[in-house]
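Dear colleague,

Please find below the structure that I am handing over to you.

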Amino acid sequence: MVRNNQQADSVIASVDHIKQLNSATIYKVIEKYAPISRVKIANVSKLAPASVTKITRQLLQQGIICETARQASTGGRCAISLAPNTDNIHVLAIKIGQKTLSLSCYNLAAEQLTTKKIKIKSEDEQQLLAFLISEIDNFIKKQQKNMGKISAIAISLSGLINPKKGVVLYSPYHPLVNFPLANKIEQHFQLPTFIGNHTRSLALAEHYFGASKECLDSILISIHHGVGSGIIIEGKALLGQNFNIGEIGHIQANPAGRQCHCGNFGCLETEVSDRVIVEKVAIAIKQGSFTRLSLDSLNIEKIYQAAEDNDPLCQKIVEDAATYLGKAIAILINLLNPQKIIIAGKIIRAKTSLLSTIEQCIAHQVLPNFQHKVQIETSLLEPDTTLAAFALIKQAIYEGDLLQQIHG
Ligand SMILES: [Zn+2]
């Protein structure tokens with residue numbers, strides 16, 4: 001009896017799942033080819049015309065798509081076309097940074113409608129949660145008054161995240177350990193909520209909207225307070241069963257290097273992060289190295305800009321960092337054979353030295369056949385953009401997890 005019930009439940013679950021996937025497929029086809037008729041949707045999606053009619057009716061009722069001007073078909077008859085009703089659905093995308101909370105409202109065309117930045121004040125997880133809820137509440141109330149309802153929330157932050165369960169396993173900047181963040185936000189606001197590691201979400205955002213838009217296999221390397229990566233294979237973010245693929249900051253770059261916060265020695269992060277580069281320049285200035293920069297006004301932006309302007313000290317330090325980075329990137333290319341590597345972070349201000357050094361490493365350390373197939377580019381998005389969190393909502397729509405829960 002129990003068994004039969006379980007079987008029945010699993011059949012219902014799989015039918016629901018197929019419905020979700022079919023809806024997502026149809027939405028993607030409409031988004032890509034709009035304006036498009038139902039007949040063409042059926043042709044492109046390979047779904048039965050009856051399913052297309054049923055699903056598009058539901059998407060119309062939800063306000064996710066709309067009927068557009070009639071389009072002449074080849075047979076002389078007119079067919080109503082469909083297009084995404086992107087401006088009708090609004091979502092909230094949040095970045096929890098080290099010191100700053102950024103909140104933005106987007107429509108489904110990835111257009112940012114409003115945005116706000118606030119300094120984070122919190123001592124422990126309960127304070128942080130109360131702060132988040134209060135700021136999200138203020139933002140949503142103001143947003144809804146001016147522009148209409150919010151349909152979903154996504155949050156990106158640094159650290160180890162389980163996006164399936166919505167749990168922050170570890171955060172380097174905030175007191176969150178095994179904390180069910182998505183669940184808490186979802187319960188409070190009664191809105192579908194997604195969370196993800198910021199660098200991996202940024203990789204997804206580059207894939208949907210930025211530098212890797214035209215390719216299916218790409219790796220984003222982000223240099224910030226640490227070093228991380230996000231890997232996209234066949235158009236999907238590589239997560240695995242343990243959810244945290246891409247921690248390249250802890251590849252050993254210099255066996256004789258300093259101890260990393262992870263406990264090991266000479267990790268890539270101990271040679272390449274923004275903080276380490278500022279330290280290296282400061283030490284060199286104290287030792288009398290020639291540079292246009294002075295100790296009292298030193299910051300990472302000035303160092304990267306000076307490297308780009310051929311300041312000898314800054315250029316040398318960026319090239320040393322890029323050599324370690326290039327070694328790790330060469331390992332990734334040999335392992336994964338991607339079409340594109342995207343470098344993100346303030347370091348891309350020093351683009352000339354950075355890219356030429358990385359390209360030299362690739363020329364010497366990557367399989368010749370792979371070298372010619374990979375392009376190295378800099379990110380098109382701001383490192384802290386809330387578009388990273390928005391990409392989590394886009395992903396949920398494309399994978400069928402969200403489409404049936406939202407409406408305009
Ligand atoms: Zn480490």
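Predicted model: local features only at pLDDT ≥ 70, side-chain atom pairs only at ≥ 80, totals over all residues.

**The largest pocket**

The largest pocket has a volume of about 1400 Å³. Its lining comprises 43 residues, and those nearest the centre are Tyr208, Gln395, Ala396, Tyr398 and Glu399. Six elements are listed as supplying at least two lining residues each: helix H1 (2–33), helix H5 (181–189), strand E11, helix H6 (198–209), strand E14 (236–237) and helix H13 (387–398). Of these, H1 gives the most, with six residues. Sorted by class, the lining of the largest pocket holds 18 nonpolar, 13 polar and 12 charged residues.

**The second largest pocket**

For the second largest pocket, the computed volume is about 750 Å³. There are 27 residues in its lining, with Lys95, His224, His225, Lys346 and Asp384 lying nearest the centre. Two or more lining residues come from each of strand E5 (100–107), H6, strand E12 (218–223) and helix H8 (274–286). The lining of the second largest pocket divides into seven nonpolar, 11 polar and nine charged residues. As to its place in the fold, this pocket lies between domain 2 (89–203 + 386–405) and domain 3 (212–378), because both domains give residues to its lining.

**The cavity**

The count of cavities of 30 Å³ or more comes to one. The volume of this largest cavity is about 30 Å³. Its lining consists of Ile251, Gln252, Ala253, Tyr324, Lys327, Ala328 and Ile331. By class, these are five nonpolar residues, one polar and one charged.

**Threonine 193**

A polar atom of the threonine 193 side chain lies 2.9 Å from the backbone oxygen of leucine 191. Leaving aside residues up to four places away in sequence, threonine 193 touches Ile153, Ala182, Ile185 and Glu186.

With kind regards

Conventions
Residues numbered from 1 in each chain as written. Heavy atoms only, no water. Polar contact = N/O pair within 3.5 Å; in protein donor to acceptor, adjacent residues only side chain to side chain. Contact = heavy atoms within 4.5 Å. 1 Å grid on protein atoms, 1.4 Å probe; cavity = no way out; pocket = protein on both sides within 12 Å on 5 of 7 lines; lining within 4 Å. Points joined across faces, edges and corners; volume = space filled by probe spheres on them. Helix = DSSP H or I, 4+ residues; strand = E, 2+ residues; numbered from the N terminus. Nonpolar A, V, L, I, M, F, W, Y, C, P; charged D, E, K, R; others polar. Domains from an automatic or database assignment.
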